[in-house]
Amino acid sequence: MSYLELRNIEAWYQKGKPVLKDFSLFLEKGELLSILGPSGCGKTTTLRTIAGFMAPAAGSIIINGKDYTGKPPNKRNIGLVFQSYALFPHFTVFNNIAFGLRMRKTPGEVIKKKVYNLIEMVGLSGLDARLPGQLSGGQRQRVALARAIVIEPNLLLLDEPLSNLDARLRINMRTELRRLQKKIGISMIYVTHDQAEALSLSDRIIVLRNGRIEQEGTPEEIYSHPASPFVANFMGFENSFNTEVISVGTKNIVLKAGSGLVKTEYSAGIARADKVSAFFRPDEVTLSAKKTDNAVPGIVKAVTFQGSSTQYFVETELGEFSVIIYEKRPSFSTQPVYLEFPEGSIIVKKGRLE
Amino acid sequence: MKKSTVLLIFIILVYTFLIGPFLIIFLASFGSQELMTFPPKGFSLKWFHKVFTVIMFRDAFWSSLKIALGSTFSALILGTPVAYALVRFKFPGQNLIEVIFSSPAIIPGLVIGFAMLRFFVLLSNFPVLIGLYIGHTAILLPYTVRVISSSLRNFDVSIEEAAVSLGASRLRSFFIVILPSIKTGIVASFILAFITSFNNVPVSLFLTGPGVGTLPIQMLVYMEYYFDPTIAALSSILIVFTVLIVQGAERVIGISRYV
C-alpha cells in the first residue's frame, strides 16, 4: 500500500461538470510527485481535495493507512504552499512560521527552537522580525515553505509555488527545494504547468488533461517517450505533421514526407499504411544548405537571433516548422535549405491531428 | 470662448452650489440679531452658547448618539458574517439575499419609515428607542455588508486556507487572520454607518415618539417654532464635526476607497 492513495475520486464545482472523474493517484513516502498540466486540467482541484478544502463527491483519500476523506482541513496536518505565498501580512516572519505550532499548543521554548532552526535552513537568518511586506518574492516563498514544513506535516502540497518569481530565481529555488525535500525526506506533491520545473524536480510526473491522467512516469520516460500527442506537445515536441507509414522494419519506420521519405526509429504498435502524426523538437533537427540524407527541402521564412541560439521558421511541404540551432551567429538567411532529421528525432503516434 | 474659460465657469458654478449654502449657514450663525439674516449683522457667539443650553437638543444629541452607536455596532456584527458568506460561498438564492440586504439603501427612506411604523404599531407599546434602534440597524446593513464585502473580496482566500491548513479552525482563522486584514474596511463601514444613522431624517421621522427624538428631528421641530440662528449654529457644529471625522478617517485609512 502506498503512503498516500487517492482512490476513484470524483470532484466537481458544478453538478454534471466533473473536474476530476474516477481519478486515482498514489504517492510513496519521501517521494516528490509533480502534477503537470495546463490551466483548467484539474491539478489545483486535486490539491484542494487532498488538503480537504474540497469534498470529493465520490472516492476516498488514504494517508498512511488511515481514511482522511471526511476529515476537516485543519485536522489533516498537511502543509500547503501557495503561488501567492499567502503569508499573514500582519505577522512577522517568526510569527508566520510559528503559527502552526501555536495552533498545536507547542510550548514556547520548543517553538523558538524549531522556528529558528527552519529560518536558518531556508536561509532567512536575521530576517525573523520583518513583516512579509518588507521581503522580496523569493524570501516570502521561503517563509511560506518554512511555515508549512515546521509543523512536520504528513504531506507537503505546493501549488505553482515558483511561478510568481523571476526566471533566474525560479531556477535557484527549484534546486534548493529539491535539496531540502531530500534532506528532510518529506513526501511532496508539486503542481505546475511548467514542464522544465516538473522535469528537474520530480521523482515521478503525472501529466493531467481534462481531469484524466494522460501519462505517468519518471521525468526521463515522459521526456523521451511521450504517450500521446498532448504530452508530446507539452514536452517540447512543438512541430508536428500528419503523414502515413510507408514501411516498417525491425529498427526503423519509413514515413512519407511530402514528395520524399524520412526514416525514424521503430516504435511498437505502428504498422504499414497507418495514418499517423509525427512530432519533433525545434532543437533536435538541423538545417543544411545542401541536400543530405533524411531531409526535406524548405525555405527559411524568418530568422530570430536569441543569443546562444537562433530560431528559424522553415516552410516545407509538410507545413511551417520552428528550428532552433545553437550557434553564436545565424548561419542561414531567408533562403532555400534542407531540414534534416537525425536518428530518433521524430516520434510517431497513431492517429491524425486536427 | 476658450475651453479653459468654460471649464473655469463650470468649476465656479459647481463650487458655488456645493459650498455656498454651507457658507451662508456658517456665516449666519455668527450674527447677533434674533432673526437669521444673510449677510449677518454684528458678530456674536451667543447662538453657539444657546445650542448647549436648549434641553431638547442636549437630550436629542444623546439619543442620536446612543442609536447611532448601537445600530452601527449591530449592523457590523450582523453584516460581517453576511458579507463573508456572500463573498466566500456560492449557494442557491445568493442573488436574492444580496438584493434583500441592499434594498434598504434603494427603497425610499419615507417608505421604510412608514412600513416600520405600521409594523411596530402592531406590536403595541413597543419602546420607541428600541424601534429606532432596530430601524436604523436595518438601514445601515446595506452599508456594512457592502463595504465589508468589498474588503473581503480584496483579501486573498489562500491566506485563510493557509491558516486552516496549519490547524486553525475556520472561526479562529477569521479572528486571527481575516479580521486584522479587513480592519480598515470595518473602520470605514463604521464611520459611514455612524454618519448615516446620525444624520437620518426620513426613517427617524416615523419612528420617533413621545419623549424620544433624534437630533435632526428635533432640529426640524425647533425650526417650526423659531427662526433664530441657533439652528445655523448647531448646523455649523455638525458640519465641522462631520468634516473632522471624515478627514481623520481619510488620513488614517483612506476611507474614500470604500465609499
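## Cores and domains in a predicted model

Leaving out neighbours within four places in sequence, Leu157(A) is in contact with Leu47(A), Ile50(A), Ala51(A), Ile78(A), Gly79(A), Leu80(A) and Ile189(A); contact means that C-beta atoms, placed from the backbone, lie within 7 Å. This is a predicted model, where local features need pLDDT of at least 70 and side-chain atom pairs count only at pLDDT 80 or more, while totals for chains, interfaces and linings use all residues. Residues are numbered from 1 along each chain as its sequence is written, and chains are lettered from A in the order in which they are written.

**Nonpolar cores**
- The largest nonpolar core has 132 residues, and Leu157(A) is one of those touching the most other members, along with Ile97(A), Ala144(A), Ala146(A) and Ile189(A).
- Its largest share, 10 residues, comes from helix α6 (residues 128-153) of chain B.
- Another core, of 11 residues, lies apart and includes Trp47(B), Phe57(B), Ala233(B) and Leu234(B).
- A nonpolar core here is a set of buried Ala, Val, Leu, Ile, Met, Phe, Trp, Tyr and Cys residues joined through C-beta atoms within 7 Å; buried means that 20 or more other C-beta atoms lie within 10 Å of a residue's own.

**Chain A**
- Chain A has 354 residues, of which 38% count as buried.
- Its C-alpha atoms fill a box of roughly 75 × 45 × 35 Å along the principal axes.

**Chain B**
- Chain B is divided into domain 1 (1-44) and domain 2 (47-257), with bounds from an automatic or database domain assignment.
- The contact between them takes 10 residues from domain 1 of chain B and nine from domain 2 of chain B.

Definitions and conventions:
Two residues are in contact if their C-beta atoms, placed from the backbone, lie within 7 Å. A residue is buried if 20 or more other C-beta atoms lie within 10 Å of its own, exposed if 12 or fewer, and partly exposed in between; C-beta atoms are placed from the backbone. Helices (H or I, at least four residues) and strands (E, at least two) are DSSP runs, numbered from the N terminus.
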